[in-house]
Amino acid sequence: MLAHTVRSGLIESLHRGSAIAVDTGGNVLFEHGNPDRPIFYRSAIKPLQAMVSVRVGVPLSPEEMAVNCASHSGFPIHIALVRKILFDAGLTEDDLQTPPGWPIAEAAHNLLVAAGHRSPRRIWHNCSGKHAGWLATCRHAGWDTATYRDPDHPLQREVRQIVEDATEMPATPTGVDGCGAPTLRGSVRGLATAFAKLSSDPQFAATAIPVHRFPGLVGGDREDSRLGAWWDGPMKGGAQGLLGGGRNGIGIAVRSESGSSQIAVVGFIEVASRLGLLSEAAQQALAEDATPVVLGHGRPVGTIQPVINP
């Protein structure tokens, strides 16, 4: 159990999941649930997927790299950076193979509607930064840009090798992510292992540092981004309640079995606090995300509380 919801004094729902903390030496510092159950990493490994741009030598600014690693909210700054990556590679929005979508942030969506937009577009999809980075990589390496999502494309083969090296486990068989890209298989333990390395190994600095510095570019006004702003290291969430973060060679990964990112954040804050990795100021600032309020008729009637036994 990661957490339970209490409404008016009654435990209303139970939220199961797994959590683990490891260091780069392979030592387990905390373990809960079943961190070895097979999962898809989804967007939680974008800082690893973006490493292919680094290895090929695509010249991206730190802000552009943050968006390359992002599940962005679709605000103008996010879209401008995606356009810049494409423009510098001699590409356009038409080269993106993300499905047409609206920004995932309601405020960003409303801005577009107010500006007169009526149809979704590929560049507004939250994964457009990753796809733009991949397209720029293909252009830089001389690889075909029309088939970059194919699991056997040289880009995807390189990504797969990077992920397997970082997680220390096989990343196949692949699935299909929401954006149409291959999504790699692994485990919560593998994700924690990767973030331990992301936070300490210099070879990952080109993606780890931008993700650390610019949580607002990597996400937006969401609970994982708020946590990222107080977490002194790289952090990235993925669909279906997955969250990974690393600091100074310690990696933490949490997954909510219900697929709730809110519950994953609750679990992550609890594990990080137990390990002494969140300052008192950070815990105070994150109090509403650590124990989210449950409302009844617009007023607080309970909370979501962490329930983790190592």
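The legends below describe close-up views of a predicted model. Residues are numbered from 1 along each chain as its sequence is written, and side-chain values use heavy atoms, with hydrogens and water left out. Because the model is predicted, local features need pLDDT of at least 70 and side-chain atom pairs count only at pLDDT 80 or more, whereas totals for chains, interfaces and linings use all residues.

View 1. Strands are DSSP runs of E of at least two residues and helices are runs of H or I of at least four, numbered from the N terminus. Ala181 counts as buried because its relative accessibility is 0%, where buried means under 20% relative accessible area, exposed over 50% and partly exposed in between (1.4 Å probe, protein chains only). Leaving aside neighbours within four places in sequence, Ala181 is in contact (heavy atoms within 4.5 Å) with Lys130, His131, Trp134, Arg149, Gly175 and Val176.

**View 2. Salt bridges of Arg226 with Asp221 and Asp289.** A salt bridge is a side-chain nitrogen of Lys or Arg within 4 Å of a carboxyl oxygen of Asp or Glu. The side chains of Arg226 and Asp289 meet at 2.8 Å, N to O; this pair links distant parts of the chain, 63 residues apart, with Arg226 in helix α11 (residues 223-230) and Asp289 in helix α14 (residues 287-290). Between Arg226 and Asp221 the closest N and O atoms are 3.3 Å apart. Arg226 is partly exposed at 34% relative accessible area, Asp221 is exposed at 64%, and Asp289 is buried at 10%.

**View 3. The largest cavity, with about 100 Å³ of space.** A cavity is a set of points, on a 1 Å grid over the protein atoms alone, where a 1.4 Å probe fits but cannot get out, and lining residues have an atom within 4 Å of a point. Grid points are joined across faces, edges and corners, and a volume is the space filled by probe spheres set on the points. The lining includes Arg222 and Asp224, which are both buried and form a salt bridge with closest N and O atoms 3.4 Å apart.

**View 4. The second largest cavity, with a volume of about 40 Å³.** Its lining consists of Pro151, Gln156, Val159, Arg160, Thr174, Pro182 and Leu184, and helix α7 (residues 154-167) gives the most, with 3 residues.

Key: On a 1 Å grid over the protein atoms alone, a cavity is a set of points where a 1.4 Å probe fits but cannot get out, and a pocket is an open set with protein on both sides within 12 Å along at least five of seven lines; lining residues have an atom within 4 Å of a point.
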